[in-house]
Amino acid sequence: MGTSVAFGCPECGRKLRLKTRTSGRRVRCRGCGTLVEVPFFPRNVGRRRSKRSQWLRWAPLGVGLAFAVILPIMAWQWWQGSIEAERTKAIALSVAEMEEASLAGDLSEAFLAAEAARTMAIQSAIEPPGGLDRLTQRRDELARAEVTAQLDRLPDQPAQQGLQQAQAIADRVASDPALDALKARSEHAISEAAQRWTDLQLTRAEAALGSDNPAEALALAHRLASDLDLAPAAPVAAVRDRLRSFVAKLVETHGIRIEPIDLTPGPLGPPGDAYLSDLRRLIQDGLLQRGYLVAPPDSSLADLWVEAPFRFESSLTEQYGASYLQSPHQTTMIRTELVLEQSGRILWSDYFEARTRVPLPGLSAMESSRLEIGTEASPEIEKRFARDARADLIEKLIVKLRSFPVNRKL
């Protein structure tokens, strides 16, 4: 059964009301007399059924979303519960291992187990067996017992090993408040161990010096200084003073300061840092073989060389040399001067020149021909000339250092 509808006239806008919905039918407007076609009106059929079908259509999506949210939460809770159970089990196992190792007299293993159990308990907020306070107390007791046993064994160890162990104990005491009561004893242990190691090393160094081997004496002293540098300053202050006094006597008779190489680069620019480092190392080795002592690199004793009586200076001046085989290429010449001073007085000096060798070693016959007929200089070829002159310098420097005056003052 139909229902009345109303719509407006498209010509005059008058409202037309009909009792039926016959779409497409033509009616005359009472206002302007125009024939107007009845428009289509949708029917509102089954409104309740439509709402119900919409709910049913969205219901599966809602259920899926619920599962998508709830299931991960449940899985997370289960996973967290399993982790907590595993941690609880691990803590209990570590506590058991602590007690077992303690009964067996293995203080180190007992302490490690106690430390592991305590750390896990704190990080996971899980109460260990017997409570966290009791576990902390047991851990501190084991730490003190273990360190006390280590201190008792120090006198029976070799000198250097004893010093290293004493240093490790001091570091541990300083980092663990539970070991504050052992601080004074650990410092005393370091002092005794350092004294034993110093006595041994200085005895060896004095024997080397008596055998006219100052280089070995300095090497032994440098090794001792490196070991003492790792120890706390206060307990080893006295033995450091003994060591410095011994090295100061070495420097007084054999010490030499090597001044930085005075380089004037040529037109092709300075050599690389590696070349200058090689030169300095060559000079150091040559002086060492002639009985002079150079300050060990990165040593706490290096400041003693400020008073060294000997001083070595070297100056290099690079410049172009003669033309290479009448070609447009210029060879390289390096003017070199070496000076040895003692307390401001020149003891020895030497001067020599290093040059590009002709013919250039390694130059092929084809390259030689090109050089002879070429009309323009090649920067790459002239760099090879410079490298060859620097190689010639090294060879001549080795020979010169062999004639360096020997230091036999003891």
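S186 counts as buried, because its relative accessibility is 3% and the cut-off for buried is under 20%. This is a predicted model. S186 sits in helix α5, which covers residues 183-210. What does S186 touch, once residues up to four places away in sequence are set aside? The partners are L151, I169, A170 and V173. One of these, L151, falls within the range of helix α3, residues 132-153.

Next, the partner of α5. Two packed helices are described by the angle between their axes and the distance between the axes. The axes of α5 and α7 (residues 237-254) come within 10 Å. They cross at roughly 10 degrees. The two helices are therefore roughly parallel to each other, since an angle under 35 degrees counts that way. On the α5 side, the contact uses A194, Q195, T198, D199, L202, A205, E206 and L209. On the α7 side, it uses V239, R242, L243, F246 and L250. By class, the residues of this contact are eight nonpolar, two polar and three charged.

Now α8 and α10. Helix α8 covers 273-289, and α10 covers residues 379-402. Their axes come within 10 Å and cross at roughly 10 degrees. That angle makes α8 roughly parallel to α10. From α8, the contact residues are Y275, L279, L282, I283 and G286. From α10, they are R390, L393, I394, L397, I398 and L401. The contact of α8 with α10 has nine nonpolar residues, one polar and one charged.

P379 also belongs to α10. P379 counts as exposed, because its relative accessibility is 54% and the cut-off for exposed is over 50%.

How do α2 and α3 cross? Helix α2 spans residues 107-124 and α3 spans residues 132-153. Their axes come within 9 Å and cross at roughly 150 degrees. That makes α2 roughly antiparallel to α3, because angles over 145 degrees count as such. The crossing of α2 and α3 is left-handed. The α2 face of the contact is built from L107, S108, A110, F111, A114, E115, A117, R118, A121 and I122. The α3 face holds L132, L135, T136, R139, L142, A143, A145, E146 and A149. Sorted by class, the contact of α2 with α3 has 13 nonpolar residues, two polar and four charged.

Backbone next. Most residues other than glycine have a negative phi, and most peptide bonds are trans. A125 lies in the loop between α2 and α3. A125 is not a glycine, yet its phi is positive at about 55 degrees. A125 is exposed, given its relative accessible area of 72%.

L325 is another residue to check. Its phi is positive, near 50 degrees, and L325 is not a glycine either. L325 sits in the loop between β7 and β8, where β8 is 330-342. L325 is partly exposed, with a relative accessible area of 40%.

Where is the cis peptide bond? It joins V358 and P359, with omega at about 0 degrees. P359 lies in the loop between β9 (345-355) and α9 (365-373).

D303 lies in the loop between α8 and β7, with β7 at 310-323. D303 counts as partly exposed, because its relative accessibility is 42%. In sequence, D303 and A248 are 55 residues apart. In space, their C-alpha atoms are 9.9 Å apart.

Finally, the whole chain. The chain has 10 helices and nine strands. Of its 410 residues, 36% are buried. Take the contacts between residues at least 6 apart in sequence: 62% of them join residues at least 24 apart. The accessible surface comes to about 24,500 Å². Carbon and sulfur atoms account for 54% of that surface.

Conventions
Residues are numbered from 1 along each chain as its sequence is written. This is a predicted model: local features need pLDDT of at least 70, side-chain atom pairs count only at pLDDT 80 or more; totals for chains, interfaces and linings use all residues. Side-chain values use heavy atoms; hydrogens and water are left out. Axes are lines fitted to C-alpha atoms, for helices over the stretch in contact, and angles run from 0 to 180 degrees between N-to-C directions. Helices (H or I, at least four residues) and strands (E, at least two) are DSSP runs, numbered from the N terminus. Angles under 35 degrees count as roughly parallel, over 145 as roughly antiparallel, 65 to 115 as roughly perpendicular and the rest as oblique. A crossing is left-handed if the near helix is turned anticlockwise from the far one by less than a right angle, and right-handed if clockwise. Contact means heavy atoms within 4.5 Å. Ala, Val, Leu, Ile, Met, Phe, Trp, Tyr, Cys and Pro count as nonpolar, Asp, Glu, Lys and Arg as charged, and the others, Gly among them, as polar. Buried means under 20% relative accessible area, exposed over 50%, partly exposed in between (1.4 Å probe, protein chains only). Accessible areas come from the Shrake-Rupley method with a 1.4 Å probe; for residues, only the protein chains shown count as cover.
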